[in-house]
Amino acid sequence: RRAVPRYTLIATAEIVDLASDMRMSGRISEISRKGCYVDVLNPLPVGSLINVRISRDQGTFISPGEIIYVQEGMGMGVGFRDLAADQLKILDSWLAELPS
């Protein structure tokens with residue numbers, strides 16, 4: 001059972017792997033207050049620490065994160081970590097607009 005509701009959200013994502021400084025682009029398909037799902041062909045390993053930047057018409061959301069699960073060839077689940085108050089405010093405003 002999920003701790004928070006998930007919402008469908010299509011947006012672009014830029015992921016930076018903190019260990020290698022490698023950048024990758026992906027697409028967000030789901031988001032919640034605790035994390036998101038990123039569609040990418042070559043996901044990072046579980047446990048990888050990242051920075052994620054999600055961009056859409058209503059602005060940009062940035063958060064440190066961790067890869068929590070991987071679906072090979074499809075994408076990866078990202079958990080947000082240490083969210084800054086201003087970024088949480090942006091995320092909450094986006095979630096408020098989305099149909100549950």
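Predicted model: local features only at pLDDT ≥ 70, side-chain atom pairs only at ≥ 80, totals over all residues.
Start with the pairing on either side of S3. Strand S2 covers residues 23-31 and strand S3 covers residues 35-39. The two run antiparallel, and 4 bridges join them. In this pairing, Ile 31 stands opposite Cys 36 in S3. S3 also pairs with S6, again in the antiparallel sense, over 5 bridges. Strands of a sheet pair through backbone hydrogen bonds, either parallel or antiparallel.

How enclosed is S3 by the rest of the structure? Largely so, because 4 of its 5 residues are buried.

Now step back to the whole sheet. It is a closed barrel of 6 strands. Follow the order S1-S2-S3-S6-S5-S4 around it, with antiparallel pairing. From one strand to the next, the twist averages 45°. Helix H1, residues 85-97, packs on this sheet. The helix touches strand S1 (7-17), S2, strand S4 (49-56), strand S5 (59-71) and strand S6 (75-80). Its direction makes about 80° with that of S5.

Asp 17 is found in strand S1. Which side chain of opposite charge is nearest to Asp 17? It is Arg 23, 11 Å away. Asp 17 is buried, yet it has no salt bridge. A salt bridge would need a side-chain nitrogen of Lys or Arg within 4 Å of a carboxyl oxygen. Asp 17 does have a polar partner: a contact of 3.1 Å joins its side chain to that of Ser 20. Leaving aside neighbours within four places in sequence, Asp 17 is in contact with Met 22, Leu 44, Ser 48, Leu 49 and Ile 50.

Leu 18 lies in the loop between S1 and S2. Is Leu 18 buried or partly exposed? Its relative accessibility is 47%, so Leu 18 counts as partly exposed. Not counting residues up to four places away in sequence, Leu 18 touches Leu 49, Ile 50 and Asn 51. Leu 18 and Pro 64 are 46 residues apart in sequence, but their C-alpha atoms are 9.4 Å apart in space.

Turn now to charge pairing. Side chains of opposite charge can pair when their charged atoms come close. How many salt bridges does a search of the whole structure find? It finds 6. Among them is the pair of Asp 39 and Arg 27, whose side chains meet at 3.3 Å, N to O. Asp 39 sits in strand S3 and Arg 27 in strand S2, 12 residues apart, and the pair links distant parts of the chain. Asp 39 has 23% relative accessibility, so it counts as partly exposed. Arg 27 is at 40%, and it too counts as partly exposed.

The side chains of Asp 92 and Arg 33 meet at 2.7 Å, N to O. Asp 92 belongs to helix H1, while Arg 33 lies in the loop between S2 and S3. They are 59 residues apart, so to speak from distant parts of the chain. Asp 92 is partly exposed, with a relative accessible area of 29%. Arg 33 is partly exposed as well, at 39%.

A further salt bridge joins the side chains of Glu 66 and Arg 81, at 2.7 Å, N to O. Glu 66 lies in strand S5 and Arg 81 in the loop between S6 and H1, so the pair ties together parts that are 15 residues apart in sequence. Glu 66 is partly exposed, with a relative accessible area of 26%. Arg 81 is partly exposed, with 34%.

Key:
Residues numbered from 1 in each chain as written. Heavy atoms only, no water. Pairing = 2+ DSSP bridges. Axes fitted to C-alpha atoms, helices over the stretch in contact; angles between N-to-C directions. Contact = heavy atoms within 4.5 Å. Buried < 20%, exposed > 50% of the residue type's maximum accessible area, 1.4 Å probe, protein only. Lys, Arg positive; Asp, Glu negative; His and termini not counted. Polar contact = N/O pair within 3.5 Å; in protein donor to acceptor, adjacent residues only side chain to side chain.
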